[in-house]
Amino acid sequence: MIEFSLRHPISIIMLYLGLMICSMLSIQNLSLDFYPQIESRKILIETEYIGSDAETVRELITIPIENACLAIQDRKDITSISKDGLSLVQIEFHFGTDMDVALLKTKEIIDSASELLPYGCKKSSVQLVDGSKKYFLFSITDDKDNLIKNRFFAEDTLRQELLRTKGVSEVSIIGGEEEEIQIIVDGSNLFHHSLNLRDVASSYNLTNFEFPIGSINEGENTYQIKMISRLKSEKQIGEIPVSHNIESGSVKIKDLGAIQKGIKDRKSFVLMNGKERVLVSVKYGAGANPIKVSKDIKKLLQNINVGQKNEYHFDILEDPTNELKKDLNDMLCQSAAGITITFIFLLLCFKSFVLALSVIISIPVCIILTLASLNLTGNTLNQISISGLTLGIGLIVDCSVIVVERLVYSSKISVWGNNVISSNCGSTATTIISFSPVLMIEGPIKEMFSSLSIAVISCVFFSFMVSFTLTVALIKLMDYKKTNVCYDKNYHKLVELCQSFLAHSTKTPVFSIVMVLFPIIFGFILIKFQNFKLDGNDRSEKLTMLMEFPDNISTEYLYKTGKELNNLFKEGKFMNKAVIKYDGNPSNSEITLNSLNSRYLEIILYTKKMNRHKLLKKFEELFDGPEFSIDLSANDTILKSLNGSLGRYVLFEENPNQLRNKSAQLKSLYECRLQPDEQSEIIEFKPNFEMFTKTGLSSEYVSSLVYDYFSGIDLNPMEIDSIKIPVRAIVKKENLELEEFINTIYLQTEQTHIPLISLGTLEKVKKDRIYYRENKMDAKILNPLSDDDCMFPEEFEILDRDKKQKSYLVREFLVLIFFISILIYIFLGILFNSFSLPLLVCVSMVLSIPGSLISLLMFKYCFDLNALIALVVLMGLSANNSIILIEAIKGKDFISKDEIIYSCSNRISSLLITNGTTILSLLPFIFHSTISISIIGGLIYSLVINIILIPSMLIMKKSDIKK
């Protein structure tokens, strides 16, 4: 391969030019995304039972559905929430499950179980949970802050236009006001005229309608026929007859009450820096290019605003692609800095511009080929694969450096060619082996880091190929002459210093043993001080808080509280913007901690970038009020795919009563908060069935009729000036207490009107508003109020979800590292034809871990997922150092102690240059990710350990080397 490249350099360069052109064409189709495509493993079953309380929903709907779900294969966990009128059951499946088949099977089982559900509940909806949490968020306002107009504009114009935009899957609108026409009927008038609210609604709908009738043929033409009657004003509504009596004449709607324009009951609101706004949330579709989608949304808003004569103002609060673009820009800038530093380092080492340039060119070539590989393997360019490219940049030049270094310091290709190929093949294979198991195991590691693994594997593979082809061809084509470089004095001094050190260290085997034992002991000590976090990013520009309230708190009270909170936030100088929002109809796309309470204010503070702990401290200085929960996660998608969204500690029991008793006992011992733990006073109507029999009324009819009195009836909308305005018929209940209002409700029979109160008795009782269950057990989420983690007694059987997930993740990584070590051992056993030499390499790989931990402590980083990935990288890099030293003397006819020391000392330049280029190329990234600092620290430590350990062990194992 090397000889062919030397003889045909132009052919090699032309070949790579063709590959580069094809790769560039392929890269144009490379999709961009925030994170790797993590397949949803959750299915949500939603069932409505309107009018029923949480206890009834739990007993009659949730538990039967849970029992039916036990027949579903490959399920992992079943969680459920029972609320007033709503049951949510979520099934989580194991990694590797075919979710299309699981969804189909779940639908079949739920359809079969529908016969077990009570009469009156709606058909259960079964859907895959969409785990995407990235939204494009902006607010709308005009010069007059007309909330009605802004809301209508968002609903009528913006929503439709945004949904037509390619890559947009969902548009939600929060806040603003909606106008409606209200028919406010007096209950006494209904009683006087022997009518009910449904009579009014029916009369209106029969007057204001649009019905298709059919079609008629007339000659060659076919005409569609429809009957239409549209009201245009409130006055016309008043003239609608409801009933007619010969004696008293017609009773019109205006005779029963008032018709007026009003504002619909507030369901949501958004306060931005104290001013009310309309907020639009745009969700990115699966597989869409988020950068292109964001660009299209901004362009659309600009065009709409021009069409509306700049009447509206759009304030973009969140564009998640800014983070992705920032990562791309950071990678480009830091890569350029790393390439420049590496080039200067190589120039100083080789004293040749030609040699340094021939090595550096391999970096952009391999990066472009790697991007094409990501596209061909169906991966995206995301924040994880960008990290893989970051690692790849540090690994690309190693093979080329070894080729050039041997070319400089050897006389003939026949002398060093096969040796270099063997060395590069070994180092490349160990790196590939280190990442290959990631692609083979099922679990969160594969879901998140498969794209990173493919990026690294592609980088090292292409660097191996480039080193023997393009690098050699460029050196030949640029007419490099070996006489330009010679052994300088510094190199000789370095070799002599290394020989002296090794000669001294090998005289005392105890020294080598101590050097082996010390890092192992020190590593165990450091692990005790390391705090493992799923997300080690400690800086954030966004702080999200959820302030919870009892479920019976009104929207107006929440709005008032939001206004008061804004006054607090104005005092904080660390904030750029404060948004407080409430959505009364939150999407039930997934069971989360927020699902346990539908009444909460979401507070989003957009701050100047600062340390999270300082940010939290600033917030606590402002706040001294109700209980609140704080979410500081920066990578929601990754963290929630690993750790879920249901809190850390969980308390279980067989039934609600036992759970309630255990909760009370726990609260008496610890300062903690339990969710759900809310009771409310409910008025129960206990019917007198004898009266039902006498009057001929059914409980279903009575319930539905009374429901109309409380909630009102939505009617056909009116069209005024081509704008559809909703209409609602309601019963006037102003200035009436609840029990007084119930006393005014009469039910009409064929003979007379019967007061509701005569059909039964009213009783006030306290009941739980929400029930939560996990895996057929009633449960509560436990939140310690103290800063320190609670050490709960074993008898409480409290699940620590965070601890369980961390142990599972660490265990998975340990298994991964074990398999990597076994595979590397097998490969090196084949390469070296030895049992003991591969074992020596594996020991040196493990000894690089303390260096990684020390570097994290020095830079005050947490040990997170990126640091775990760095350990996998170190496995390959540390093995490379060992292979270079062993290859120096492998296969020689006569091996003595002096020969081993001399050969290892001569390889010190290769070790320093390869490790130096890797370290320097990663140096610009040390403040960007824990991956870089972990690798740099571990690599330096590995270099020192290998220089001391390998020669000493080789002297003890001379017989194995001769094989």
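This is a predicted model: local features need pLDDT of at least 70, side-chain atom pairs count only at pLDDT 80 or more; totals for chains, interfaces and linings use all residues.
Residues are numbered from 1 along each chain as its sequence is written. Local features need pLDDT of at least 70 and side-chain atom pairs pLDDT 80 or more, totals for chains, interfaces and linings use all residues, and side-chain values use heavy atoms, with hydrogens and water left out.

**Exercise 1.** Work out how Phe-343 and Phe-353 pair up.

*Solution.* Start with the rule: rings of Phe, Tyr and Trp (its six-membered ring) pair if their centres lie within 6.5 Å, and planes under 30 degrees apart are stacked, over 60 edge-to-face, the rest tilted. That gives twelve aromatic pairs. For Phe-343 and Phe-353, the centres are 5.6 Å apart and the planes 85° apart, hence edge-to-face. Helices here are DSSP runs (H or I, at least four residues), numbered from the N terminus.

**Exercise 2.** Classify the Phe-689 and Phe-692 pair, then decide whether each residue is buried or exposed.

*Solution.* At 6.2 Å centre to centre and 45° between planes, this pair is tilted. Both residues sit in helix α24 (residues 689–695), three residues apart, which means about one helical turn separates them. Now accessibility: buried is under 20% relative accessible area, exposed over 50%, partly exposed in between (1.4 Å probe, protein chains only). Phe-689, at 59%, is exposed, whereas Phe-692, at 7%, is buried.

**Exercise 3.** Which residues does the cluster of ring pairs link?

*Solution.* Follow the ring pairs and you get Phe-136, Phe-138 and Phe-314.

Definitions and conventions: Helices (H or I, at least four residues) and strands (E, at least two) are DSSP runs, numbered from the N terminus.
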